[in-house]
Amino acid sequence: MLTILQAEPERLWRSREIAELLGDVTLVATYRQLARWAEKGMIKRVRTGRYAANTQETAPFA
């Protein structure tokens with residue numbers, strides 16, 4: 001999932017799009033993982049159901 005988000009860091013990804021790209025992952029599992037990563041600051045939750053990669057300047061683990 002992180003690779004997908006980082007491929008286009010300025011794009012606002014929908015949870016459903018990410019789940020579809022992964023194929024064998026349920027939408028519910030995708031929601032849960034994205035929420036966990038957003039809480040930890042690994043990705044940005046832009047609004048409900050929309051996520052984006054952290055940029056170099058904002059990444060807490062960079």
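**Terms and values in the predicted model**

Reader: Why is Leu5 called buried?

Author: Leu5 has a relative accessible area of 0%. Buried means under 20%, exposed means over 50%, and partly exposed lies in between, with a 1.4 Å probe and protein chains only. The value for Leu5 is 0%, so the residue counts as buried.

Reader: On what kind of model do these values rest?

Author: This is a predicted model, in which local features need pLDDT of at least 70 and side-chain atom pairs count only at pLDDT 80 or more, while totals for chains, interfaces and linings use all residues. Residues are numbered from 1 along each chain as its sequence is written, and side-chain values use heavy atoms, with hydrogens and water left out.

Reader: Why is Ala29 called partly exposed?

Author: The relative accessible area of Ala29 is 35%. That value lies between the 20% and 50% cut-offs, so Ala29 is partly exposed. Ala29 has its place in helix H3, and its C-alpha atom is 8.5 Å from that of Ala19, ten residues away along the chain. In the protein chain as a whole, 26% of the 62 residues are buried.

Reader: Which residues does Leu5 contact beyond its sequence neighbours?

Author: Leu5, found in helix H1, is in contact (heavy atoms within 4.5 Å) with Trp13, Ile18, Leu34, Ile43, Tyr51, Ala52 and Ala53, leaving aside neighbours within four places in sequence.

Reader: What makes a group of residues the largest nonpolar core here?

Author: A nonpolar core is a set of buried Ala, Val, Leu, Ile, Met, Phe, Trp, Tyr and Cys residues joined through side-chain atoms within 4.5 Å. The largest such set has nine residues: Ile4, Leu5, Trp13, Ile18, Leu34, Trp37, Ile43, Tyr51 and Ala53. Helix H1 (2-7), helix H3 (27-40) and strand S3 each give two or more residues to this core. Trp37, a core member, also touches Met1, Leu2 and Met42, among others outside four places in sequence.

Reader: How do you know which elements count as helices and strands?

Author: They are DSSP runs numbered from the N terminus: helices are H or I with at least four residues, and strands are E with at least two. The protein chain has three helices and three strands, in the order α-β-α-α-β-β from the N terminus.

Reader: What makes S2 and S3 a pair?

Author: Two strands pair if DSSP finds at least two bridges between them. Strand S2 (residues 43-47) and strand S3 (residues 50-53) have four bridges, so they meet the definition, and they run antiparallel. Within this pair, Arg45 has Tyr51 as its bridge partner. The hairpin has two residues between the strands, and Gly49 takes a positive phi near 75° there.
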